Amino acid sequence: MACNPQVFSGLPANCDANRGGVNVVYIANKSDVASVSLDESSKKIKTISMKETAKFKAYHFKKGAASFTSTFTLDNANGVNFVTTVLSINFAKMETVKRIEMQALALGEMAVIVLDANGTYWYLGMNDPVYASAGTGETGANRTDVNQYTIELTDESEELPYEVDPTAITDIIEA
């Protein structure tokens with residue numbers, strides 16, 4: 001059986017400034033997200049509705065301390081095709097309030113919105129909940145070594161993360 005042909009549009013040259021990194025991460029329980037809808041013309045998320053008074057909570061960290069990487073898994077022989085996105089966040093200084101939060105994240109089933117350094121919002125958890133896949137706490141050995149918690153949150157979805165229209169998050173995040 002033949003596969004449907006894809007429509008390729010090409011990509012124009014882009015001379016805009018581009019920066020790496022993540023500025024803020026917003027996390028909510030996946031079960032608190034009532035619905036997510038796409039704008040069919042832009043293919044961006046246009047609305048996110050939350051249950052009752054639930055909101056995404058903001059997670060702040062030092063500049064240069066978070067990133068996410070999306071990796072395709074393709075196996076034509078088995079018909080497997082999905083994307084794994086791993087969000088890695090480093091929280092400076094090990095302390096009780098962060099230890100408690102790391103434990104909650106380690107056990108949670110989440111939806112995540114990432115604000116990158118270019119001012120673009122990305123949604124993780126479109127198909128299945130985001131889950132913690134790794135974490136560490138480290139003191140370092142020397143005065144100049146890092147003292148931090150690190151957590152990796154993983155999203156396995158059918159597609160790359162969707163961009164979120166900034167107007168979709170104004171009423172659903174708690175700074």
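This is a predicted model: local features need pLDDT of at least 70, side-chain atom pairs count only at pLDDT 80 or more; totals for chains, interfaces and linings use all residues.

Colleague: How many aromatic pairs turn up in the whole structure?

Modeller: Two. In one of them, the ring centres of Phe61 and Phe91 are 6.2 Å apart and the planes sit at 75 degrees, so that pair is edge-to-face. It links distant parts of the chain: Phe61 is in the loop between strand 4 and strand 5, while Phe91 is in strand 6, 30 residues apart.

Colleague: Which residues make up the aromatic cluster?

Modeller: Tyr59, Phe61 and Phe91 form one cluster.

Colleague: Switching topic: how many salt bridges are there?

Modeller: Four. One of them joins Glu163 and Lys44, with the closest N and O atoms 3.4 Å apart. Glu163 lies in strand 11 and Lys44 in the loop between strand 2 and strand 3, so the pair ties together parts 119 residues apart in sequence.

Colleague: How exposed is Glu163? And Lys44?

Modeller: Glu163 is partly exposed at 26%, and Lys44 is partly exposed at 31%.

Colleague: What about Glu40, which residue does its side chain meet?

Modeller: Lys43, in a salt bridge at 3.1 Å, N to O. Glu40 is exposed at 55%, whereas Lys43 is partly exposed at 48%.

Colleague: Last one: where does Thr84 sit?

Modeller: In strand 6. Thr84 is buried, at 17% relative accessibility, and its contacts include Thr69, Thr71 and Asp155.

Technical notes. Residues are numbered from 1 along each chain as its sequence is written. Side-chain values use heavy atoms; hydrogens and water are left out. Rings of Phe, Tyr and Trp (its six-membered ring) pair if their centres lie within 6.5 Å; planes under 30 degrees apart count as stacked, over 60 as edge-to-face and the rest as tilted. Helices (H or I, at least four residues) and strands (E, at least two) are DSSP runs, numbered from the N terminus. Buried means under 20% relative accessible area, exposed over 50%, partly exposed in between (1.4 Å probe, protein chains only). Contact means heavy atoms within 4.5 Å. Lists of a residue's contacts leave out its neighbours within four places in sequence.
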